[in-house]
Amino acid sequence: MKKALLTALIGVTLGLSLASDERSQLFWHNKKAEAELALAETNAVYFVIDAANSVIQFKAKGVVLKEWKMVRFSCRALAWPIVSTTLVSKQAIVVPKRKHIDPKKAEEIGSYELSALEAKDMPADYVLTLENDLKIHISSQKEKLLSFLSHWELSLQQGIFEEAQSVWWAAFKPGARVMRISLVEPVDAGTLCWSFSNGMKGLILLKTD
Amino acid sequence: MTNKKFVPWVLSGLVSLVLIGAASVVMVRQRQVRVERQSYVSAPALPALKALKAKSRELAGQLRRNAPQGVYIIIDTGQNILTMKRGDKVLRRGIVSTGSGNVLEDPNGRRSWVFDTPRGVFSVKAMIRDPYWVRPDWAFIEEGKPVPKRLDERVEGGVLGEYALSFGNGFFIHGTLYTRMLGRNVTHGCVRVGDADLEAVYKTASVGSKIIIF
């Protein structure tokens, strides 16, 4: 009798706990779906930085257009609410410039001289500034290792500077939020930089458990 | 001599004080961070499971209804790739040329053009067989030539390939004479496609088909 009661009690407790888990998962799933629906109803391409699944997706109308695998995602300090955010600007040490066409030279060089801004010109190490002072530093794993080996002095300097900057932000600029993302190849970081455009909206999904 | 002995101790003491101070401030801030994080991730009053499931179904349905119906075209301007799909199925994939991002300024006026392929969700407005190109002002300015006043001086045949699909504001998906440039960003904003891919797109898509460019 006692054994049966105990088994029933364990069963009920487990059942309640599982139901609560399911409710919690569904609650967060619905929150994400609501936020995405608001973006999918527009005619704009939007991004989803999904830390839980380690991917960055570009989507439109709910359809995945392209995705990049993240090999590292770190979020120092603040978490992020499930609401859409806007990309304000992109910053890099070397910013590719648009080329100006000089009509005077048209006859000399020909109209179809290949001189354009392309994804391959995009930096592989850059910072995205989003609404509410959120900064996302994007780089590539491969390039980090290579640049560390070939420019070790610079790397150490940068490493120390970045860590000091993080501590500074955490201590004295509580509004500033920092995330770091590493992609596999420099070319991935470059094409991602190309695809991000100022004013673009998107979601950042962190683990909710 | 005695004073000199104390200097390293005083210095290291000061450094330690600064470090301890900074660490304390960081710890206090991190506590605030944890509190804020908790406010984002905790759901204080969860609705009933039945209500949550109903809401989930409703949201999934709304998301599905937003997805393009029938055939749609995705253009990746970074890699210059066109993908034609129906639902999740890829029907065709081809290399294209998209906007160069170059800037042209009219030396005689205040106009300027940026040759980007527009990004976003568009739809096919018109489908044209054997299209003629009505050269806009920039096409003459770019070549250092005077802009003609008469329309017939702007019309040029045979440069857009066999087919063209308009997606608004003077932008087209069309053919090209410069097939060696496919895969590069060289256009004035239009999407240039190779002959075989263009024919497949023309024959499969229809007016109203969605074109998603990123």
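**Exercises on chain B and Asp121(A)**

E1(B) and E2(B) make a hairpin with 4 residues between them, and in its turn Asn80(B) has a positive phi of about 55 degrees. Strands, like helices, are DSSP runs (H or I, at least four residues, for helices; E, at least two, for strands), numbered from the N terminus. This is a predicted model, in which local features need pLDDT of at least 70 and side-chain atom pairs count only at pLDDT 80 or more, while totals for chains, interfaces and linings use all residues. Residues are numbered from 1 along each chain as its sequence is written, and chains are lettered from A and ligands numbered from 1 in the order in which they are written.

**Exercise 1.** Find how E2(B) is joined to strand E3 of chain B.

*Solution.* Two strands pair if DSSP finds at least two bridges between them. E2(B) and E3 (residues 89–99) run antiparallel and are joined by 6 bridges. Opposite Thr83(B) stands Arg93(B) in E3(B). The hairpin of these strands has 2 residues between them, and Gly87(B) there takes a positive phi near 60 degrees.

**Exercise 2.** Compare the radius of gyration of chain B with that of a compact globule.

*Solution.* The radius is taken over C-alpha atoms, and the globule rule is 2.2 Å times the number of residues to the power 0.38. For 214 residues a compact globule would have a value near 17 Å; chain B has 30 Å. The C-alpha trace of chain B spans about 95 × 65 × 30 Å along its principal axes.

**Exercise 3.** Classify the exposure of Asp121(A).

*Solution.* A residue is buried with 20 or more other C-beta atoms (placed from the backbone) within 10 Å of its own, exposed with 12 or fewer, and partly exposed in between. Asp121(A) has 16 C-beta neighbours inside 10 Å, so Asp121(A) is partly exposed.
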